[in-house]
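Work through the exercises below with the structure open beside you. Try each task before reading its solution.

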Protein chains: 2
Amino acid sequence: MPTLKPASSPGCGDCRARPVCLARDLGPRELARLDAIIQARRTVKRGESLYRANDPFDNIYAVHVGSFKTLIAHGDGVEQVTGFHLSGEPLGLDGICTERHNCTAIALEDSTVCIIPFPLLESLCREVSAMQHQVHRMMSGEIVRGSRLMMVLAAMSAERRLAVFLVNLSERLKVRGYSPAELSLRMSREEMGSLLGMKLETVSRMFSKFQQQRLINVQGKQVQILDFGGLSRIERGCTSLPIAAATG
Amino acid sequence: MPTLKPASSPGCGDCRARPVCLARDLGPRELARLDAIIQARRTVKRGESLYRANDPFDNIYAVHVGSFKTLIAHGDGVEQVTGFHLSGEPLGLDGICTERHNCTAIALEDSTVCIIPFPLLESLCREVSAMQHQVHRMMSGEIVRGSRLMMVLAAMSAERRLAVFLVNLSERLKVRGYSPAELSLRMSREEMGSLLGMKLETVSRMFSKFQQQRLINVQGKQVQILDFGGLSRIERGCTSLPIAAATG
DNA sequence: CGCCTAATTGATAGGTATCAACGCTTGTGG
DNA sequence: CCACAAGCGTTGATACCTATCAATTAGGCG
């Protein structure tokens, strides 16, 4: 059962995620208009769904606190992860075209989202061009995100895919004010593998390989990046050499 | 050098692609407003680019006649195909978020596109809610297209990927009033392979395999679908059996 | 008609999946 | 506080799929 907070909960002005969210670049007047249509937040516990594929589409969401995975069901029972979503990132945009959600969104940890009723957002966009442009940018950004991932999946080895994933996650954490070197992975090896098109055993092997090369330090879900340059080189396709003798 | 046609060229009302284009579901008054901002069409010869990655973003486009591929450059010189686009389908939406085009669009045959100046479209969307919603649906549709392809790339074998590709292309041709069984491929094996994450030799082998199984008939770029059910079964993951003895 | 590119087919190598076993972490209850 | 169970993660051996390299054939354009 979702928890609804009254509209009196703190608005976008106070939000830590604002610089990376829909509210980015809005002036105070426009921000107030946006705040007015975001009437509630919702809490989603770890493992629970925010919405499921084929649910009627009414709202889009912005992750406020926590993180989510999105899944597409896949003929039989197999679930394909299509993305991990951090604070400030939008959820539900894929539901606009069919009036039903096309994927399922599940919280990776106890999380809250801002509920944005889509018809109200459309009204606001007709009145406030800055808001309109921001929505367009957000949707365009999702399209670009998709084609990047497409490229990664179509053209890169498992090693490169994982390097891309780690560097990308690191950058997204950095923008949010977290350390780019200390990753606290909220998802399992299997979920990572699903997104990246490989099996969980392969994910694990690549982690071990990177650790042997002193690129990262892996401690289960805690990953420490030791060598950004090295990871970037792998990301760009420079094949890693065998490990040189380590200094003491 | 692009050819520009005057605004007097036939508008969306007469367009064969209208049912699958931005103009879908618009009333006559709204259609006239859209026609008014589409001031020109542009001809792009086979192999030429409509726009290139990093070009300043001013317009989106709708394919009027012909077809395009979109590419992302890939670190070094490698080009990754991210989509094939038929009449009525949008081009350039990925440029909104950065004010620059994120990919390169190249005509697969002599083609024409409708030029839609994006600032004018945004203005129109603020006035005409049906137009606004249509734009949102179109962008959402692109997001869904991306995540579907992502799923195909992440989870399917080469055989299934090609089956998905053929069935998808067939459906898109059918909607446009062409025979769903007679595919005239405008792209090379290599370009198909790039989109689908496999090498051109593998594409070729899969074509031969499908032909042996009497699912399709391949004659270079002319492909005839003989057994939609069989292709769909492969698409859904039912492993194809060895060929039964053929009649006569 | 001939050149050049695209496509097909074969042989082999390499990367990742699969199957299997073990170890670690986490949470629960005595 | 410790014992135990269950799930997650790691590692190894092997098989399979697809890439790679190579040779040949077909097709398209000047």
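## Exercise 1: a strand and its partners

Strand 11 (residues 216–219) of chain B and strand 12 of chain B run antiparallel and are joined by four bridges. The model is a predicted one.

**Task.** Find which residue stands opposite B:Ile225 in strand 12 of chain B. Then find which strand is joined to strand 12 of chain B by three bridges.

**Solution.** 
1. Start with strand 11. B:Ile216 stands opposite B:Ile225 of strand 12 in chain B.
2. Look at the hairpin that strands 11 and 12 of chain B form. Two residues lie between the strands, and B:Gly220 takes a positive phi near 70°.
3. Now turn to the other partner. Strand 10 (residues 182–184) of chain B is joined to strand 12 of chain B by three bridges, and the two run antiparallel.
4. Pick out one facing pair there. B:Ser184 is opposite B:Gln222 of strand 12 in chain B.

## Exercise 2: two faces

**Solution.** 
1. Follow the strand. Its side chains alternate.
2. B:Val223 and B:Ile225 point to one face and are buried.

## Exercise 3: an annotated region

**Task.** State which residues of chain A UniProt lists for "domain: HTH crp-type". Then give the helix and strand content over them.

**Solution.** 
1. The unreviewed UniProt entry lists residues 156–229 of chain A.
2. Over residues 156–229, chain A is 55% helix and 15% strand.
3. The end C-alpha atoms of this stretch are 18 Å apart.

## Exercise 4: two copies

**Solution.** 
1. Two copies of a chain are related by a rotation about an axis and a shift along it.
2. Here the turn is 180° and the shift along the axis is 0.0 Å, with an RMSD of 0.0 Å.
3. The relation is therefore that of a two-fold axis.
4. In chain B, the C-alpha of B:Arg126 is nearest the axis, 2.0 Å from it.
5. The same surface serves both copies: 100% of chain B's contact residues recur in chain A.

## Exercise 5: a cysteine pair

**Solution.** 
1. Recall the cut-off. A disulfide needs two cysteine sulfur atoms within 2.5 Å.
2. The cysteine sulfur closest to that of A:Cys125 is in B:Cys125, 9.8 Å away, which is too far for a bond.
3. Over all chains, the count is zero disulfides.
4. Check burial too. A:Cys125 has 1% relative accessibility, so A:Cys125 counts as buried. B:Cys125 also counts as buried, at 1%.

Key. Residues numbered from 1 in each chain as written. Chains lettered and ligands numbered in written order. Predicted model: local features only at pLDDT ≥ 70, side-chain atom pairs only at ≥ 80, totals over all residues. Heavy atoms only, no water. UniProt positions renumbered as here; feature names shortened; annotations may be inferred. Buried < 20%, exposed > 50% of the residue type's maximum accessible area, 1.4 Å probe, protein only. Pairing = 2+ DSSP bridges. Least-squares fit on C-alpha atoms with pLDDT ≥ 70 in both. Contact = heavy atoms within 4.5 Å.
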